Amino acid sequence: KEATGFSVTFGKWFTEYTGGSLGYSFERANIRDVAEDASELVKDQAGKKDTSKVMTSLKRDSVDNRLYPRNGSLNAIYADFAGLGGDNGFYSVTGDSGWHFPLFTESAFSVRGRVSFADGILGKELPLYERFYVGGINSVRGHEYGKAGPQDEFGEYIGGNKQLIFNVEYTFPIVSGARLYGVIFYDWGAAFNDGDPINYRDMRDATGAGVRWISPMGPLRLEWGKNLDQKADEDSSRFEFTFGTFF
């Protein structure tokens with residue numbers, strides 16, 4: 001996938017903790033070099049398609065520190081609608097809730113849950129690149145990107161049109177002055193295919209640990225996850241590294 005485009009978002013706080021946003025994005029995507037033996041779902045995506053999308057959100061945010069949260073919560077609803085022009089037509093809705101509780105010696109206990117639904121509208125299919133791919137450092141650690149989700153008839157992971165993810169973390173200081181922290185976590189979640197219900201028996205889980213450093217360049221994460229229900233084609237564990245928000 002090669003893509004170009006732009007987006008603009010306007011936000012407003014209604015109270016000290018409650019706010020919302022309204023945005024618009026336009027993307028022109030080109031899907032190329034599709035394998036001859038790919039599934040029809042993948043082949044149907046080939047070529048250039050435009051997405052004209054309206055994005056909305058409503059949230060309540062009382063988190064004390066965005067980089068190292070120890071108290072408060074962030075509860076949000078995100079909804080996207082595409083179809084006002086362009087080639088694609090779909091909707092996507094996500095509910096996201098994260099809670100943080102301070103413990104001793106600057107440590108904290110955090111829990112987070114996410115549920116998402118998406119589908120095509122106006123007689124159009126949900127694009128492959130708008131589906132939910134569960135697995136990896138930002139969803140279920142210890143699992144490869146997309147592998148906590150459905151496969152096509154060729155065994156390729158194609159993402160789902162719905163997802164459910166839970167994360168539990170215990171974070172603690174290693175060297176407070178250097179803003180270096182440790183984390184122990186447990187993740188549980190999966191993506192599910194069109195027409196399939198959310199089935200808790202099909203959800204994947206992992207546990208692990210890592211270090212986080214609020215560096216001068218931004219937040220840095222190095223985390224190791226242990227796959228607790230390893231399948232034949234999967235690794236038993238994974239190391240992952242990224243820059244970005246911690247939770």
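**Before you start**

The model is predicted, so to speak of local features pLDDT must be at least 70, side-chain atom pairs count only at pLDDT 80 or more, and totals for chains, interfaces and linings use all residues. Residues are numbered from 1 along each chain as its sequence is written, and side-chain values use heavy atoms, with hydrogens and water left out.

**Stop 1: the nonpolar patch**

Select Ile174, Val175, Val211, Met217, Leu222, Trp224, Phe239, Phe241 and Phe243. Together they form a nonpolar patch on the surface, with about 910 Å² of accessible area. Patch members have over 30% relative accessible area and no salt bridge; like charges are joined within 9 Å, and nonpolar side chains (Val, Leu, Ile, Met, Phe, Trp, Tyr) within 5 Å. The areas come from the Shrake-Rupley method with a 1.4 Å probe, and for residues only the protein chains shown count as cover.

Now colour by strand. Strands (E, at least two residues) and helices (H or I, at least four) are DSSP runs, numbered from the N terminus. Strand 7 (162-175), strand 10 (218-227) and strand 11 (237-243) each supply at least two residues of the patch. Which strand gives the most? Strand 11 does, with three residues.

**Stop 2: along strand 11**

Select threonine 242, which is found in strand 11. Threonine 242 is buried, at 18% relative accessible area. Buried means under 20%, exposed over 50%, and partly exposed in between (1.4 Å probe, protein chains only). Leaving aside neighbours within four places in sequence, threonine 242 is in contact (heavy atoms within 4.5 Å) with Ile137, Pro219, Leu220 and Arg221.

Phenylalanine 241 lies in strand 11 as well. Phenylalanine 243 is partly exposed, at 43% relative accessibility.

**Stop 3: aromatic rings**

Rings of Phe, Tyr and Trp (its six-membered ring) pair if their centres lie within 6.5 Å; planes under 30 degrees apart count as stacked, over 60 as edge-to-face and the rest as tilted. How many aromatic pairs does a search of the whole structure find? The search finds nine.

Select tyrosine 170 and phenylalanine 172. Their ring centres are 5.6 Å apart and their planes are at 25 degrees, so the pair is stacked. Tyrosine 170 is partly exposed at 24%, and phenylalanine 172 is partly exposed at 25%.

Go back to phenylalanine 241 and phenylalanine 243. Their rings form an edge-to-face pair, 5.6 Å centre to centre with 80 degrees between the planes. Then select Phe6, Tyr24 and Phe26, which ring pairs link into a cluster.

**Stop 4: isoleucine 165**

Select isoleucine 165, in strand 7. Is isoleucine 165 buried or exposed? It counts as buried, at 0% relative accessibility. Not counting residues up to four places away in sequence, isoleucine 165 touches Arg112, Gly113, Arg114, Val134, Ser139, Val140, Trp188 and Gly189.

**Stop 5: salt bridges**

A salt bridge here is a side-chain nitrogen of Lys or Arg within 4 Å of a carboxyl oxygen of Asp or Glu. The count comes to 18.

Select aspartate 80 and lysine 53, a salt bridge with its closest N and O atoms 3.9 Å apart. Aspartate 80 lies in strand 4 (residues 72-86) and lysine 53 in strand 3 (residues 47-61), so the pair ties together parts 27 residues apart in sequence. Both residues are buried.

Next, select arginine 66 and aspartate 61. Their closest N and O atoms are 2.3 Å apart in a salt bridge. Arginine 66 is partly exposed at 40%; aspartate 61 is buried at 12%.

Move to aspartate 187 and arginine 141, which meet in a salt bridge (2.6 Å, N to O). This pair links distant parts of the chain, 46 residues apart: aspartate 187 is in strand 8 (residues 180-192), and arginine 141 is in the loop between strand 6 (108-120) and strand 7. Aspartate 187 is buried at 0%, and arginine 141 is buried at 4%.

**Last stop: two loop residues**

Select leucine 122, in the loop between strand 6 and strand 7. Leucine 122 has a positive phi of about 60 degrees although it is not a glycine. Leucine 122 is exposed, at 60%.

Finish at arginine 179, in the loop between strand 7 and strand 8. Its phi is near 55 degrees, a positive value in a residue other than glycine. Arginine 179 is partly exposed, at 40%.
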